[in-house]
Amino acid sequence: MKESETMTEETRSGFVTFVGRPNVGKSTLTNALVGEKIAITSEKPQTTRRAIRGIVNRPEGQLVIVDTPGIHKPRTLLGERLNDLVEQVLGDVDVIGFCVPANEKVGPGDRRIAASLDGYPRAKKIAIVTKTDAAARDEITARLLEVDALREDWAAVIPLSALTRDQLDVLSDEILLLMPKGPALYPEGITTDESEEDRIAEMIREAALEGVRDELPHSIAIVIDDIAPREGTDLTDVHASIVVERDSQKAIIIGHKGKRLSEVGARARTGIEELLGTRVFLGLHVKVAKEWQRDPKQLGRLGF
């Protein structure tokens, strides 16, 4: 019997999700707690597009972190579906961690999200002040006071830095104490239930997001066309399509004489080789799917 199956009565396990405005550091926090990169990160808002589960095993139990998109005012059908996904997750989890960055004042968006947590009475709530490494002590103190005043039912208010790992253990311990008693939900050794194909697609999208601006980040989607070991070699062939909405965007992704596309491939390949444990040939093609963010059929084909 595995250790995770021989649970004491005091072992706890359950689901937690982090909410907040886009770009408050939810995915970075998820990766830091899991101890492995399972969610892509970018300075672009709305980087996360699916509910990605990361598993944290502790002696006292197991946390399943559900990384979700940031709550935002949707301007497309994709945006509406991402918000619906967040709502569904919030209704199912045991603990909600509300995140605010230490280096930014609490604003109307934060207040709106904090108030919206009334709609999820089942979940216990923790307030988290992120990015303390990027803020002065008086800024952190001011933020803790602002966040504490947003709700009366915080089970805890915790300042931390995912980058320096400061206070991460404090957060894990606090969340575990709020979880129901019970056995582990996943076998030990598993850090995510994401498929290899999904993780590779996300690595390519992360590489493609670097350096793009304006509306282009929202217009990028990735489709994995084929993954296969090359016979007689230690090489894996990966073929993928980068989908954009307009011909002008296709030109930006490809770049002058294909330079930008080859840079995207080089960036993504490193992570893919690490994941697969083999050398990788990565073939990337750029396709246009007109206004896919607004088209139900296209969204369905792209997995949204």
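**View 1. Ile175 touches Val16, Phe18, Leu63, Val95 and Ile126, leaving out residues up to four places away in sequence.** Contact here means heavy atoms within 4.5 Å. This is a predicted model, in which local features need pLDDT of at least 70 and side-chain atom pairs count only at pLDDT 80 or more, while totals for chains, interfaces and linings use all residues. Residues are numbered from 1 along each chain as its sequence is written, and side-chain values use heavy atoms, with hydrogens and water left out.

**View 2. The largest nonpolar core has 26 residues.** A nonpolar core is a set of buried Ala, Val, Leu, Ile, Met, Phe, Trp, Tyr and Cys residues joined through side-chain atoms within 4.5 Å; buried is under 20% relative accessible area, exposed is over 50%, and partly exposed falls in between (1.4 Å probe, protein chains only). Phe18, Leu29, Leu33, Ile126, Ile128, Leu171 and Ile175 have the most contacts inside this core. At least two core residues come from each of β1, α1 (26-34), β2, β3, β4 (95-101), β5 (124-130), β6 and α5 (168-178). Those labels are DSSP runs numbered from the N terminus: helices are H or I of at least four residues, strands E of at least two. With five residues, α5 gives the largest share of the core. Elsewhere there's a second, separate core of 25 residues, with Ala208, Leu261, Ala268 and Ile272 among its members.

**View 3. Six strands line up as an open sheet in the order β2-β3-β1-β4-β5-β6.** The pairing is mixed, and two strands count as paired if DSSP finds at least two bridges between them. β2 (52-58) and β6 (154-159) sit at the edges with a single partner strand each, so one side of each has no neighbour in the sheet. On average, neighbouring strands here are turned by 25° against each other, direction ignored. Angles run from 0 to 180 degrees between N-to-C directions, and axes are lines fitted to C-alpha atoms, for helices over the stretch in contact.

**View 4. Zoom in on β1, a mostly covered strand with six of its eight residues buried.** β1 (residues 12-19) pairs with β3 (residues 61-67) in the parallel sense over six bridges. Across that pairing, Phe15 has Val64 as its bridge partner, and Ser13 stands opposite Gln62. β1 also pairs with β4, again in the parallel sense, over four bridges; there, Val16 stands opposite Val95.

**View 5. Arg12 belongs to β1.** Setting aside neighbours within four places in sequence, Arg12 is in contact with Glu60, Gly61, Gln62, Leu176, Leu177, Met179, Pro180, Lys181 and Gly182. Glu263 is another story: it lies 251 residues from Arg12 along the chain, and their C-alpha atoms are separated by 45 Å.

**View 6. Here's an open sheet of three strands, ordered β7-β8-β9 with mixed pairing.** β7 (221-229) and β9 (279-288) are the edge strands, each pairing on one side only. Neighbouring strands are turned by 15° against each other on average, direction ignored. β8 (residues 235-244) and β9 run parallel and are joined by ten bridges, with Val238 opposite Leu282 in β9. Helix α8 packs on the sheet and touches β8 and β9, its direction making about 155° with that of β9. α9 lies across β8 and β9 too, running at about 135° to β9.

**View 7. Helices α6 (residues 196-209) and α9 (residues 259-276) cross at roughly 145°, their axes coming within 8 Å.** The crossing is right-handed, where right-handed is when the near helix is turned clockwise from the far one by less than a right angle, and left-handed when anticlockwise. From α6, the contact takes Glu196, Arg199, Ile200, Met203, Ile204, Ala207 and Ala208; from α9 come Arg260, Val264, Arg267, Ala268, Gly271, Ile272, Leu275 and Leu276. Sorted by type, the contact residues are ten nonpolar, one polar and four charged. Nonpolar covers Ala, Val, Leu, Ile, Met, Phe, Trp, Tyr, Cys and Pro, charged covers Asp, Glu, Lys and Arg, and the others, Gly among them, are polar.

**View 8. α8 (residues 247-254) and α9 pack at an angle of about 65°, axes 5 Å apart.** Ile252, Ile253 and Ile254 of α8 meet Lys259, Arg260 and Leu261 of α9. That contact divides into four nonpolar, no polar and two charged residues.
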